[in-house]
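I opened the model today and kept short notes. First came the strands, then the salt bridges.

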Amino acid sequence: MEPQQIRDGYLVKRGTVLNSWKALWVVLSEDGVEFYKKKTDRSPKGMIPLKGATLISPCQDFGKRMLVFKITTEKKQDHFFQASHVEERECWVKDIKRAITCLQGGRKFARKSTRRSIRLPEKINLTELYTLMKDQDDGVKELKLEQENRVFNHCFTGATVVEWLVSKEKARNRPEALMLATGLLNEGFLQPAGDLSKEGAESGEQSAFLDQTIALYYFADSGFFCEGYSSDEDVLLKEEFRGNIVKQGCLLKQGHKRKNWKVRKFILRDDPAYMHYYDPTKGDDPLGSIHLRGSVVTAVEYVPDAKKYDIDGDLFEIITSDETHYFLQAATVEERKEWIQAIQAVSKSGK
């Protein structure tokens, strides 16, 4: 039986021979991590077995590379991966750790079933509850909170969530509200932001939501980002540009001159309405930006010269107000839909 595929996407990997960093298509299965030069390749460049492996995150072996995690195999071979943002790294780390734990215990990988594990009533609709929590007027307020020399933007405390659930009569008491919050955490609607909440989320088989004023969380699709001290410089890292981060991640982008395709890290902000793109293998200096105010974005099935580079599917096009065309490829149809919706919203409301 084929191993279950758990997660895939672009990550930057450090080479084992030349020590250079390159963006690769990475696939996590129940028993290993495969990496490919391109998403369309059928044969992987390599495979990392997870049986007996250990994982360290964050890995601070590389100075200013702050989104690195390390997998060490049973044979003591180190493999370093870098994500495009904190939330992406945490999702990879969480799934890899669970795969390693399942292999150690001889169990099949399975995402947590919230209803079975915490006896959540069938009448509870977590999706509807999450929508109510995000209501700008009557929901849980997103704040900028400082903790341990770090500033957490667009987050809230565990105690705030529990109090909101009780005050809105979604739960009769704090223990019942805590059960609902745990369900939201396990289903991925809420994400842990600080060290304390992450420890709770990674403890045991069941992620624990903490009803505490020092446990921080954020909405999964919010503009959350953290400013903190770097590992090698005693200075506060500031956001390079104004505006809330609406969406971020890696996409394939077609070059304007050579028409070749390269993986780029994109950060979409709402005010001003810009989408900056970076080389994910290098530093934080942007390669360029797309001004989205008044732009048009659509899904496309054909891009000139794309077939020559074996690029097909999940494509979309941005046409700016000055009629510059940008062609991009997402990892999946769903991701393309999310990017298009986010860009459309920003192009209408941003400056």
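Which residue in β4 stands opposite F35? I looked it up: F35 faces G46 in β4.

**Entry 1: ground rules.** I am working with a predicted model, where local features need pLDDT of at least 70, side-chain atom pairs count only at pLDDT 80 or more, and totals for chains, interfaces and linings use all residues. Residues are numbered from 1 along each chain as its sequence is written, and side-chain values use heavy atoms, with hydrogens and water left out.

**Entry 2: strand β3.** I noted that helices (H or I, at least four residues) and strands (E, at least two) are DSSP runs, numbered from the N terminus. Two strands pair if DSSP finds at least two bridges between them. I then checked β3, which covers residues 32–36. On one side, β3 pairs with β2 (residues 21–29) in the antiparallel sense, over four bridges. W25 stands opposite Y36 of β3. Two residues lie between β2 and β3, and the two strands form a hairpin. β3 also pairs with β4 (residues 46–49), again antiparallel and over four bridges.

Is β3 mostly covered or mostly open? I found four of its five residues buried. Here buried means under 20% relative accessible area, exposed over 50%, and partly exposed in between (1.4 Å probe, protein chains only).

**Entry 3: salt bridges.** I used this rule: a side-chain nitrogen of Lys or Arg within 4 Å of a carboxyl oxygen of Asp or Glu. How many salt bridges does the rule give? I got 10.

I looked up R174 and D211, whose closest N and O atoms are 2.8 Å apart. R174 sits in helix α5 (residues 174–186), and D211 sits in the loop between α6 (195–201) and β11 (216–219), 37 residues apart. R174 is partly exposed at 34%, and D211 is partly exposed at 28%.

Next I took E338 and K247, with 3.3 Å between the closest N and O atoms. E338 is in helix α7 (residues 333–349) and K247 in strand β13 (residues 245–254), 91 residues apart. E338 is partly exposed at 36%, while K247 is buried at 18%.

Then I checked R336 and E301, a salt bridge of 3.8 Å, N to O. Why does this pair tie together separate parts of the sequence? R336 lies in α7 and E301 in the loop between β17 (296–300) and β18 (315–319), so the joined parts are 35 residues apart in sequence. R336 is buried at 11%, but E301 is exposed at 61%.

Last, I noted a network of salt bridges that links R89, E90 and K198.
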